[in-house]
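Please describe the fold of this protein chain.

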Amino acid sequence: VDDRKQLHVATFPWLAFGHILPFLQLSKLIAEKGHKVSFLSTTRNIQRLSSHISPLINVVQLTLPRVQELPEDAEATTDVHPEDIPYLKKASDGLQPEVTRFLEQHSPDWIIYDYTHYWLPSIAASLGISRAHFSVVTPWAIAYMGPSADAMINGSDGRTTVEDLTTPPKWFPFPTKVCWRKHDLARLVPYKA
């Protein structure tokens, strides 16, 4: 007889399929261990995943708030140009009230969230919900993205040009030659070569 308590774990990825799919895999693994899992994402992204979702997972469809600068059906990074991702982030930030209502009504034991949901840890803590950040990004990339969570999420580290990104970050406390190469940045940063 297994005396372990069944937990209710909610997972909430950033609106990019490179994040959504690993969160979905993690959700499946947790559900296969006998825990209740609620996977939170937007309606259109859930529809796109329909053939990949396990019947063991409770899907929570969120309504992405409308942001004027985004195309009508844009709910993931694949739906927008790279320069429009800040507008998708703004829309994602607008999910805060709906996610808060879910947490208040369903009281999961844990919420596993992505890096863009900076507002979630304090809300979960105020409700007594344990929380964990699940990063699909390598530690090197996280260190390179910025000297702090604010810099990483909001791009406030002062780097504004491709050249800024092709030199080692100023906040590294040791000498290094590790940096992006221009061809690595082509998909991440819109620029003219």
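The report below moves from the whole chain to single residues.

**Basis**

This is a predicted model, in which local features need pLDDT of at least 70 and side-chain atom pairs count only at pLDDT 80 or more, while totals for chains, interfaces and linings use all residues. Residues are numbered from 1 along each chain as its sequence is written, and side-chain values use heavy atoms, with hydrogens and water left out.

**Overall layout**

The protein chain has nine helices and five strands. Helices (H or I, at least four residues) and strands (E, at least two) are DSSP runs, numbered from the N terminus. Along the sequence the pattern reads β-α-β-α-β-α-α-β-α-β-α-α-α-α. The C-alpha atoms fill a box of roughly 60 × 40 × 30 Å, taken along the principal axes. Of the 193 residues, 39% count as buried. Buried means under 20% relative accessible area, exposed means over 50%, and partly exposed lies in between (1.4 Å probe, protein chains only). Among contacts between residues at least 6 apart in sequence, 54% join residues at least 24 apart. A contact here means heavy atoms within 4.5 Å.

**The sheet**

Five strands form an open sheet in the order β3-β2-β1-β4-β5, and the pairing is parallel. Two strands pair if DSSP finds at least two bridges between them. β3 and β5 (130-133) stand at the edges with a single partner strand each, so one side of each has no neighbour in the sheet. The twist averages 20° from one strand to the next. Axes for such angles are lines fitted to C-alpha atoms, for helices over the stretch in contact, and angles run from 0 to 180 degrees between N-to-C directions.

| Residue | Bridge partner |
|---|---|
| Ser38 | Asn58 in β3 |
| Ala10 | Ile111 in β4 |

Four bridges join β1 to β2. β2 and β3 pair over six bridges. β1 and β4 are joined by four bridges. Six of the seven residues of β2 are buried, so this strand is largely enclosed by the rest of the structure.

The chain crosses from β1 through helix α1 (residues 17-32) to β2, and this β-α-β crossover is right-handed. That label applies if, with the strands pointing away from the viewer, the path from the first strand over the helix to the second runs clockwise. β2, helix α2 (residues 43-48) and β3 also make a right-handed β-α-β unit.

**The cores**

In soluble globular proteins, nonpolar side chains tend to be buried together. A nonpolar core is a set of buried Ala, Val, Leu, Ile, Met, Phe, Trp, Tyr and Cys residues joined through side-chain atoms within 4.5 Å. The largest one has 26 residues. Phe12, Leu40, Val99, Leu103, Ile111 and Leu120 have the most contacts inside it. β1, β3, α3 (85-93), α4, β4 and α5 each supply at least two residues of this core. A second, separate core of 15 residues includes Phe23, Ile46, Ile53 and Ile112.

What does Ile111 touch, not counting residues up to four places away in sequence? Its contacts include Ala10, Phe12, Leu103, Leu120 and Ala124. Ile129 and Arg131 are also among them.

Which residues of helix α4 (residues 96-106) are buried? They are Val99, Thr100, Phe102 and Leu103. These residues cover an arc of only 155° around the axis, which puts them on the same side of α4. The arc is that of the directions from the helix axis to the C-beta atoms. What covers them includes β1 (8-12), β2 (36-42), β3 (57-62), β4 (110-113) and α5 (120-126).

Ser107 lies in the loop between α4 and β4. Just after α4, Ser107 takes a positive phi of about 40°. Ser107 counts as partly exposed, at 49% relative accessibility. Ser107 and His8 are 99 residues apart in sequence, yet 8.1 Å apart in space, C-alpha to C-alpha.
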